[in-house]
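Hello,

Here is the structure for you to look over. My notes follow below it.

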Amino acid sequence: MAAPKMHADEVDIDSALVARLVAEQFPRWAGLPVTPVRSAGTDNAMYRLGDDKAVRLPRIPGAARQVEKEQRWLPHLAPHLPLPVPVPLGKGVPAEGFAMPWSVYGWLDGADAFDEPIADLAHAATVLGRFGAALRRVDATGGPASFRGGHVTEWGGEHMAGAVRDLGADGTIDAAFVTGAWESVLRLPQWDGPAVWVHGDLLPGNLLARDGRLSAVIDFGGVGVGDPACDMMAAWTLLTAETRPLFREAAEVDDATWARGRGWALCWGVVTEHYYRVTNPVLAAIARRTLSEALTEF
């Protein structure tokens with residue numbers, strides 16, 4: 001059965017299509033069972049292939065460029081990181097019935113942190129902070145720009161006014177308070193250092209947990225270079241007021257970067273809940289929680 005569509009240009013993907021693509025392009029894996037992986041991801045569909053592989057396919061044409069980027073840069077970044085990340089095993093090419101490239105990765109055990117909440121948040125805060133710090137220390141020469149590596153308005157600023165209006169009108173948010181908080185974000189000093197590596201999408205759905213502890217980071221579709229503030233969002237998407245200081249200390253960022261990260265949490269929370277509240281209630285719930293956590297600090 002095809003996954004529910006969240007975008008107007010989303011293509012049809014199902015297990016039969018994935019099995020055919022694998023059989024045609026990777027015959028050594030033909031016949032392995034193909035199982036859909038439940039996910040709140042918006043750009044890519046995931047299928048488990050056999051016991052030890054995963055197939056990742058773009059849902060929309062705009063996500064197709066992520067394939068080459070992940071294939072190129074994950075092997076470069078992985079040796080420097082303190083948590084496991086996906087290992088590319090094969091790159092699929094466009095074919096009849098699916099006009100975009102796609103990837104095969106090694107399977108990483110664990111459930112995403114939305115389906116299996118992380119019990120040891122103190123451990124997660126420290127390890128995830130160190131993960132971001134280690135990522136930023138990797139040589140960024142030649143790295144592609146992250147889609148969240150610039151000013152927050154470049155990602156979602158143009159949608160904020162409409163989202164605040166609609167969510168305020170139905171009582172989801174206090175529109176006046178959110179508008180005031182957003183205006184304070186726009187006055188923050190911006191990043192003036194060299195571009196550094198960022199994951200770009202450290203949401204609970206992209207973090208794996210085993211036995212209640214953070215075990216891996218997945219989905220590097222947003223990886224690239226830019227301002228590290230976007231990776232601070234994890235402090236509000238995942239963590240609590242008690243564990244945020246642990247994350248901040250391990251992340252090794254200055255006050256301005258931390259404040260911009262809170263601004264990202266505000267903007268992402270508003271825009272994402274507004275866009276996905278009907279088509280992706282899991283992601284909308286994460287957005288609502290993120291916004292609530294961020295607003296306590298404005």
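Which helix does Glu70 lie in? Glu70 sits in helix H2, residues 65-77. Helices here are DSSP runs of H or I with at least four residues, strands are runs of E with at least two, and both are numbered from the N terminus.

Before the rest, two notes on sourcing. This is a predicted model, in which local features need pLDDT of at least 70 and side-chain atom pairs count only at pLDDT 80 or more, while totals for chains, interfaces and linings use all residues. Residues are numbered from 1 along each chain as its sequence is written, and side-chain values use heavy atoms, with hydrogens and water left out.

**Glu70**

Glu70 counts as buried, because its relative accessibility is 3%. The scale is relative accessible area: buried is under 20%, exposed is over 50%, and partly exposed is in between (1.4 Å probe, protein chains only). The side chain of Glu70 makes a polar contact of 3.1 Å with that of Arg56. A polar contact is a pair of N or O atoms within 3.5 Å; within protein, one must be able to donate a hydrogen and the other to accept it, and residues adjacent in sequence count only if both atoms are side-chain atoms. Leaving aside residues up to four places away in sequence, Glu70 touches Arg56, Pro75, Pro88, Tyr105, Asp219, Phe220 and Gly221. Contact means heavy atoms within 4.5 Å.

**Two positive phi values**

Most residues other than glycine have a negative phi. Asp211 has a positive one, near 55°. Asp211 is in the loop between strand S8 (207-210) and strand S9 (213-217). At 77% relative accessibility, Asp211 is exposed. Glu252 also has a positive phi, about 60°, and is not a glycine. Its loop runs between helix H7 (244-251) and helix H8 (255-276). Glu252 is exposed too, at 58% relative accessibility.

**The whole chain**

The protein chain has nine helices and 10 strands. Its radius of gyration is 19 Å, close to the 19 Å that the globule rule gives for 298 residues, so the chain is as compact as a globular protein of that length. That radius is taken over C-alpha atoms, and the rule is 2.2 Å times the number of residues to the power 0.38. The C-alpha trace spans about 55 × 40 × 40 Å along its principal axes. Of the 298 residues, 53% count as buried. Among contacts with a separation of 6 or more, 72% come from residues 24 or more positions apart.

Best wishes
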